[in-house]
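Please read them alongside the coordinates.

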There are 2 protein chains.
Amino acid sequence: MAKIETLQWIGAADGRLQMIDQTRLPTELIEIQCRDVPTVWEAIKMLRVRGAPAIGIAAAYGVCLGLQAVAGRDEAGFFHHLHEVAAYLATSRPTAVNLFWALDRMKAKAETLRGKPTTEIAARLLDEARAIHEQDRAMCRAIGEHGAKLLADGQGVLTHCNAGGLATAEYGTALAVFFIAAEQGKRLSIYADETRPLLQGARLTAWELQKAGLDVTLICDSTAAQVMREGRIQAVITGADRIAANGDSANKIGTYGVAVLAAAHNIPFYIAAPTSTFDLSIATGAEIPIEQRDPREITHGFGRQTAPDGVKVYNPAFDVTPAKLIAAIICERGVIRPVTREAIAGMVG
Amino acid sequence: MAKIETLQWIGAADGRLQMIDQTRLPTELIEIQCRDVPTVWEAIKMLRVRGAPAIGIAAAYGVCLGLQAVAGRDEAGFFHHLHEVAAYLATSRPTAVNLFWALDRMKAKAETLRGKPTTEIAARLLDEARAIHEQDRAMCRAIGEHGAKLLADGQGVLTHCNAGGLATAEYGTALAVFFIAAEQGKRLSIYADETRPLLQGARLTAWELQKAGLDVTLICDSTAAQVMREGRIQAVITGADRIAANGDSANKIGTYGVAVLAAAHNIPFYIAAPTSTFDLSIATGAEIPIEQRDPREITHGFGRQTAPDGVKVYNPAFDVTPAKLIAAIICERGVIRPVTREAIAGMVG
């Protein structure tokens, strides 16, 4: 399978972050060179890099870029700047828990290095960012291995949005399951929802699966029900952006609808996500804030205006799928099934 | 409410047909003045006028335009020309049943007028075209009046695709229910699915409702489930393209999914359609053939490529909603509820 390098740190501590500009796919494969923090902030904000793990990795490398200017300065100035950079990056996508997790990890690592020369702290923080990156790669592979056991040769599967290699270091979460199943010789018929408004399914998932040589069919979001009804789907797997202590899972708008449709057709609905996606501080999905996005994503989404001037638009970025609709959550440590507060605490806590 | 005049005959027998160019919506409201038959032919061919009833009305007026040149001539020449014009208009959309129905009705009316002066026949045929137009208006209004009884002040409603005035003489079918409810002083919050791949909801339904001063909010198809879950929707109403004897209803792809979601949220799902939509010769929806459409509608919608080259696509034009998911079918004769073979035979047969 062709390898996708979503994010790549080029060089040493004075190097740069190279990332695939996912807004240019699927017609152009353009790699952006990020040499400063605002470029990383803008890339996260504008979804040039997206997907919880990839955002976390990008933010960690973003911190390293921010420290290039202050490596060598006094410790107080260095740490002050570190916290400023982290606070700034945290404003790029306020719903993305991995963003905060990665920034917190970088700050915590820095604290353990107090007393060392700031050039060394900067170098060690780059190692930490690289470790976050490498651990994500290994974690995705583990998710894929656990999830692949749930699928059989010849099955049809459906996914929504993009929880693929582009969203992570390499394999993705939901797509890792497909990639590993394929490595094991299981032939899957994969249906990809195009995922309006930003068409991550059409632009990214279809591109990634096609590039990897898997059998993928693109459908409109509204066709998922019909495809299920025709008996083409034996499992639905999506990623998640944030999972509450009881298993309620926030993910791209439309995921909840797909889960309801799967239940109505007796098809198991799975979430594939690393344990870092769990936020055990929130009891249920009701506490997850839902980001509202620009109406123009819907009214002007294809480079052409497709709705009347001034029309009201409701454009939530996410919805929350209640735990009762989720047959299992696949994480890097194993499969949580059934999805209960106790099972989650046992695996994640 | 601002009235939408999809089609309008201006003047007497020597007048002209004015129509909204629907290919220019929603960004421009351009009215075409049809003064000859080729202009009407081109408008039907190029989907400037669309929707089965509206095409039939346009063709009937097109016949009247064709007769302007021969009114006053001898009967043989007049009838020869009438048949030529009708045959020519019939080639504009060879699959549109309402087109043939309207042309046949005009020819049959002409036959009953043989022996009268051809200027009088031409005038009476304009009356016939106006009658086709007026009968469609009255039928849609009756659908609206029956349906409006199902809605209460302050409710939220959802519709999919465009079953509005643009497809008919004035009120539409599903949208007629909203228009009449509004006339009765009921304030509705209407949610319009954008309806991929061709975005009839965004381009036409949102435009029509906004123009009429109704409260409309545009959403992505995949947001319907979330809007239901938030308690914003008390009824779903869509049109139908073909209804089997048992009530199974074919309509725009995505309708079936919306019906499943409505059932899961205990929201009544209604179909609004004239009795001419029933095809009692087919027992169930399983016999309704599903047209497959061009993959480029999904991969190259609206002038930009949004999916990778060569990706497989599944693009059915319609799906079939089983009768058991339909709380009622609203037609011009009343409300069929519950939707059973017997109730349908009683109302339509």
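1. The structure is a predicted model. Every value in this note is computed and should be read with that in mind.

2. Domain layout of chain A. Domain 1 of chain A brings 23 residues to the contact and domain 2 of chain A brings 25.

3. Area between the domains. About 2300 Å² is buried between domain 1 of chain A and domain 2 of chain A, with carbon and sulfur atoms giving 60% of that area. Which residues of domain 1 of chain A lose the most area to domain 2 of chain A? They are A:Arg50, A:Thr95 and A:Cys140, which together make up 27% of what that side buries.

4. Polar links between the domains. The rule finds one salt bridge across the interface of domain 1 of chain A and domain 2 of chain A. It also finds six residue pairs in polar contact across this interface, both residues being at pLDDT 80 or more. On the side of domain 1 of chain A that touches domain 2 of chain A, two or more residues each come from α2 (52-67), α4 (97-112) and α5 (118-148) of chain A. The most come from α5(A), with five residues. By class, this side of domain 1 of chain A holds 13 nonpolar, six polar and four charged residues.

5. A salt bridge in chain A. A:Arg137 and A:Glu170 form a salt bridge, with 3.0 Å between the closest N and O atoms.

6. Extent of the chain A and chain B interface. Contact between the chains involves 53 residues of chain A and 54 residues of chain B. The area buried between chain A and chain B is about 4400 Å², and carbon and sulfur atoms give 62% of it.

7. Links between the chains. Across the interface of chain A and chain B the rule finds four salt bridges. A:Asp215 and B:Lys312 meet through their side chains in a salt bridge, at 2.6 Å from N to O. There are also 16 residue pairs in polar contact between chain A and chain B, both residues being at pLDDT 80 or more. Elements of chain A that each supply at least two residues to the side touching chain B include α7 (200-211), β6 (215-219), α9 (255-264) and β13 (318-321). That side of chain A divides into 27 nonpolar, 14 polar and 12 charged residues.

8. A:Gln18. This residue lies in strand β2 (residues 16-20) of chain A. Is A:Gln18 buried or exposed? A:Gln18 counts as buried because its relative accessible area is 12%, under the 20% cut-off. Its side chain makes a polar contact with the side chain of A:Glu31 at 3.3 Å. Leaving out residues up to four places away in sequence, A:Gln18 touches A:Thr6, A:Leu7, A:Gln8, A:Ile10, A:Glu31, A:Ile32 and A:Gln33.

9. B:Ala174. This residue is in helix α6 (residues 174-183) of chain B. B:Ala174 has 0% relative accessibility and therefore counts as buried. Beyond its neighbours within four places in sequence, B:Ala174 is in contact with B:Thr159, B:Ala163, B:Ile237, B:Thr238, B:Gly239 and B:Ala272. B:Gly303 is 129 residues from B:Ala174 along the chain, and their C-alpha atoms are separated by 30 Å.

Methods. Residues numbered from 1 in each chain as written. Chains lettered and ligands numbered in written order. Predicted model: local features only at pLDDT ≥ 70, side-chain atom pairs only at ≥ 80, totals over all residues. Heavy atoms only, no water. Contact = heavy atoms within 4.5 Å. Buried area = accessible area lost by both parts, 1.4 Å probe. Polar contact = N/O pair within 3.5 Å; in protein donor to acceptor, adjacent residues only side chain to side chain. Helix = DSSP H or I, 4+ residues; strand = E, 2+ residues; numbered from the N terminus. Nonpolar A, V, L, I, M, F, W, Y, C, P; charged D, E, K, R; others polar. Buried < 20%, exposed > 50% of the residue type's maximum accessible area, 1.4 Å probe, protein only.
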